[in-house]
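Good morning, colleagues. Please look at the sequence and the structure as they come up, and I shall then take you through several parts of the fold.

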Amino acid sequence: MSDEHKPTGAGALVRSILAKCQDKNQRDESVDSHEVAGPTDDDASSTPGPGPSQTMALAAVAPTEADHQNAVELIELYFGLDDPLERAACFEELVALTLPVVTDFFRAMHNFDEDEYVRMNAAAELARRGDRQGRAALTAELDDPTHIDLFSQALATLSELDGEPFYERLMEIWRSRALDADLNLEVLAAMESLAPDRVLADFARILDDIQSPESFRDDEFEVMVLDFVRAGYQDAEVHLARLSERAAGFDLPAEDRRELLEFIDEGLALVRG
């Protein structure tokens, strides 16, 4: 092939990888089809073949050559599209396909595409398919955020995959002070999507655990009060009133204590409406 006819960019590399994966998959399918076909005449007497129900099940789940070819053509179409919206729509069509060649496509795109958003989209889909590399990429974004949009997608995907057990990790991140305010709001939104009642109960517990000036955090307090107000959490008033009583006895200079009490009372007023 002359240089002028060679595909360029990530597409060329991905196509090369997919070609190798396709050859491997075809060899694997050849072996599988031989096994599914059952024993030959020579060993039919010693090895039973699949029963009718097993054969029907295999036929129901095994992709056909036409399925595979359609996926390959869709991948080729993806690389031929210039419009970002059309390419995104094509990507979503590929998401709906569980064929090995499509998984290979996502893995290659995650590893080699120049667009960080495409790489994250591919990582998310790989994680949904049980791929460790894809999940590791999501976790890495969570641990060391690079952009709020990528961080948000990692949060959403891991929440989708892990469900409510992921809540504890989110609460740990939210309280760590490792993130800026915008990212922390994304974490809070993810927690609320998983267990909204649990968030409110945990916020009440956090208020009850404030026993000294050092354990009071202005930014955290504001977020919790606003969440109480938004959710109409009626028990919040009791917890805030108890905090105000404790804060009155904090070992602080008089002016600092007055400002703290005013801050807490503002939260009480908001909750009371």
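Which residue caps the N-terminal end of helix 7? In this predicted model, the cap is D131, with a side-chain oxygen placed 2.9 Å from the backbone nitrogen of Q133.

Let us stay with helix 7. Helix 7 consists of 12 residues, 132-143. From its first C-alpha to its last, the helix reaches 16 Å, close to the 16 Å expected at 1.5 Å a residue.

Which residues of helix 7 are buried? They are G134, A137, L138, E141 and L142. These residues lie on the same side of helix 7, because they cover an arc of only 140° around the axis. In general, an α-helix has 3.6 residues a turn, so residues three or four places apart point the same way. The partners of the buried residues of helix 7 are helix 5 (100-112), helix 6 (116-128), helix 8 (148-162) and helix 9 (167-175).

Helix 5 leads us to another pairing. The axes of helix 4, residues 84-95, and helix 5 come within 10 Å and cross at roughly 130°, which means that helix 4 is oblique to helix 5. On the side of helix 4, the contact is made by F91, L94 and V95; helix 5 contributes V102, F105 and F106.

Finally, I turn to a loop. T64 sits between helix 2 (52-61) and helix 3 (65-80). Is T64 buried or partly exposed? Its relative accessibility is 42%, so T64 counts as partly exposed. Along the chain, T64 and L99 are 35 residues apart, and their C-alpha atoms are separated by 9.8 Å.

How values were computed:
Residues are numbered from 1 along each chain as its sequence is written. This is a predicted model: local features need pLDDT of at least 70, side-chain atom pairs count only at pLDDT 80 or more; totals for chains, interfaces and linings use all residues. Side-chain values use heavy atoms; hydrogens and water are left out. Helices (H or I, at least four residues) and strands (E, at least two) are DSSP runs, numbered from the N terminus. The expected span of a helix is 1.5 Å times one less than its number of residues. Buried means under 20% relative accessible area, exposed over 50%, partly exposed in between (1.4 Å probe, protein chains only). The arc is that of the directions from the helix axis to the C-beta atoms. Contact means heavy atoms within 4.5 Å. A polar contact is a pair of N or O atoms within 3.5 Å; within protein, one must be able to donate a hydrogen and the other to accept it, and residues adjacent in sequence count only if both atoms are side-chain atoms. Axes are lines fitted to C-alpha atoms, for helices over the stretch in contact, and angles run from 0 to 180 degrees between N-to-C directions. Angles under 35 degrees count as roughly parallel, over 145 as roughly antiparallel, 65 to 115 as roughly perpendicular and the rest as oblique.
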